[in-house]
Amino acid sequence: MLSPSIIDSATVQAYRETEYRVFAEAGFTLRVGQASAELLAAHKRHKTHCSAFLTACNPLSQAFDAASNAERQAALAQELNNQGLVFESGIGQHPSNGWPGEESLLVYGLELE
């Protein structure tokens, strides 16, 4: 269950329904509330117990143009590289609501704090 949010409930529901695809060698899809054997295996490979699926696209679900999103996403990847974090590319996309997929990163070893 997600904690209370300032984000409206329809948007939170869309996040829950979204498919979070990871473009690893053996790609896999993450879904909110569903355990993932593939993610567990990836954690073992990367010797970690946690990860985070992140995007810098469309902050707070406000649509931005492709160039702005690409620039923010590149800056995010650079910051993660600067911190020595390991990550794999992915995309978050709702299966049916028409919102464009958002380039994303699965970052290994990134804890909530």
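In this predicted model, R21 is partly exposed, with a relative accessible area of 26%. The side chain of R21 meets that of E19 in a salt bridge, at 3.3 Å from N to O. E19 itself is buried, at a relative accessible area of 19%. The cut-off for buried is under 20%, so E19 falls in that class.

R31 is partly exposed, with a relative accessible area of 35%. Shared partners join E19, R21 and R31 into one network of salt bridges. The count of salt bridges comes to 2.

Strand β1 takes part in a sheet. The sheet is open and is formed by 5 strands. Their order is β2-β1-β4-β5-β3, and the pairing is antiparallel. The edges are held by β2 (28-30) and β3 (51-54), each of which pairs on one side only. Neighbouring strands of the sheet are turned against each other by 30 degrees on average, direction ignored. Strands of a sheet pair through backbone hydrogen bonds, in either a parallel or an antiparallel manner.

Two pairings can be followed at residue level. Antiparallel strands β1 and β4 are joined by 4 bridges. Within this pairing, V22 has G90 in β4 as its bridge partner. Strands β4 (residues 86-93) and β5 (residues 102-108) also run antiparallel, and 7 bridges join them. F87 stands opposite V107 in β5. G92 has E102 as its bridge partner, again in β5.

Helix α2, residues 37-45, lies across β2, β3 and β5. The helix runs at about 105 degrees to β2.

The structure holds 1 aromatic pair. Y20 and F53 form this pair, which is edge-to-face. Their centres are 5.3 Å apart, with 70 degrees between the planes. The planes count as edge-to-face because the angle is over 60 degrees. Y20 lies in strand β1 and F53 in strand β3, so the pair ties together parts that are 33 residues apart in sequence. Y20 is buried, with a relative accessible area of 18%. F53 counts as partly exposed, at 23% relative accessibility.

One arginine is placed over an aromatic ring. The charged end of R72 sits over the ring of F64. The distance from the charged end of R72 to the centre of that ring is 4.3 Å.

Residue Y20 of β1 pairs with F53 of β3. Bridges join β1 to β4 in the sheet.

Conventions. Residues numbered from 1 in each chain as written. Predicted model: local features only at pLDDT ≥ 70, side-chain atom pairs only at ≥ 80, totals over all residues. Heavy atoms only, no water. Pairing = 2+ DSSP bridges. Helix = DSSP H or I, 4+ residues; strand = E, 2+ residues; numbered from the N terminus. Axes fitted to C-alpha atoms, helices over the stretch in contact; angles between N-to-C directions. Contact = heavy atoms within 4.5 Å. Salt bridge = Lys/Arg side-chain N within 4 Å of Asp/Glu carboxyl O. Buried < 20%, exposed > 50% of the residue type's maximum accessible area, 1.4 Å probe, protein only. Phe/Tyr/Trp six-rings, centres within 6.5 Å; stacked < 30°, edge-to-face > 60°. Lys NZ or Arg CZ within 6 Å of the ring centre and 35° of its normal.
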